[in-house]
Amino acid sequence: SGINAEYGFPKHADETMFPGGKVVKALIGFQNNGDKSFIVDNVEGGFRYPMDYNYVIQNFTSFRYGREVAPGVTQTFLYMFVPSEQLAGGSRTFSLVMSLNYRGEDGTLFTDSPFNETVSVYEVDEGFDTEIFFMYVLLAALFALLLFGAQYLLSSGFWGPETSEDDRNGNHWGHRLRLHPKRSSHIQKAEKYKNGTRYDYASNSSHFNAILKIQRRNFNMHLK
């Protein structure tokens, strides 16, 4: 038919090894050396079992073009496929077949395979994963923020004194946490022991007068 089909892998120097899970780009050249026009319908590809081409291991997406190529004209078509990651690794090999389907002006169908070779699929080493790195940085920053907040609350006395004097002397069970200690502004009591008698003094005037009367009465009794 006077058609010459060629191929090329621009980003792959080794055309027998392809990365699993990555897009592989192939360029299909269609050269019309005849005297009639042809219409390029599509390019399809897939992995087949080397010992039996009827056994398909993985089918790739078919790219449709529907482009007419006049006599003496060469056109290039982009075809892309993604080898499965499950096929990567090991010593397994596959037959990579890319088929170019086209038809003549009278509707006659033709198929040409510009690439039909045994290849392998290898695992891609991603190396340093920036997404995981930034996730760890975010977690570390969050932890540092929580630690700083807890330290600030403790240093600012938000929770009050941890222990009292009685607690340190063993006169209390456990520690007492006081959120907002309140002191009475009305009565301030002081204890004083004298001759085995306990007296309570208060800043309240009525209580103070009552205590003075009791003391005066006791003093008069002693005089009698």
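Reader: Which strand is Asp-41 found in?
Author: Asp-41 is found in strand S4, residues 38–49; strands (E, at least two residues) and helices (H or I, at least four) are DSSP runs numbered from the N terminus. This is a predicted model, in which local features need pLDDT of at least 70, side-chain atom pairs count only at pLDDT 80 or more, and totals for chains, interfaces and linings use all residues. Residues are numbered from 1 along each chain as its sequence is written, and side-chain values use heavy atoms, with hydrogens and water left out.

Reader: Is Asp-41 buried or exposed?
Author: Asp-41 counts as buried because its relative accessibility is 18%. Buried means under 20% relative accessible area, exposed over 50%, and partly exposed in between (1.4 Å probe, protein chains only).

Reader: Which side chain does Asp-41 meet in a salt bridge?
Author: The side chain of Arg-103 is the partner, at 3.0 Å from N to O. A salt bridge here is a side-chain nitrogen of Lys or Arg within 4 Å of a carboxyl oxygen of Asp or Glu. Asp-41 is in strand S4 and Arg-103 in strand S8, so the pair ties together parts 62 residues apart in sequence. Arg-103 counts as partly exposed, at 30% relative accessibility.

Reader: How many salt bridges does the structure hold?
Author: The structure holds 1 salt bridge.

Reader: Turning to Ser-95, where is its place?
Author: Ser-95 is in strand S8, residues 94–104, and counts as buried at 1% relative accessibility.

Reader: What does Ser-95 touch, not counting residues up to four places away in sequence?
Author: Ser-95 touches several residues, among them Gly-46, Tyr-53 and Glu-117; contact means heavy atoms within 4.5 Å. Ser-95 and Glu-117 are 22 residues apart in sequence, with their C-alpha atoms 5.5 Å apart.

Reader: What order do the strands of the open sheet have?
Author: The order is S1-S3-S7, with antiparallel pairing of these 3 strands; two strands pair if DSSP finds at least two bridges between them. Strands S1 (3–8) and S7 (74–81) stand at the edges with a single partner strand each, so one side of each has no neighbour in the sheet.

Reader: How many bridges join S1 to S3?
Author: 6 bridges join S1 to strand S3, residues 24–32. In S3, Asn-32 is the bridge partner of Ile-3.

Reader: Last topic: where is Met-135 found?
Author: Met-135 is found in helix H1, residues 130–155, and counts as partly exposed at 43% relative accessibility.
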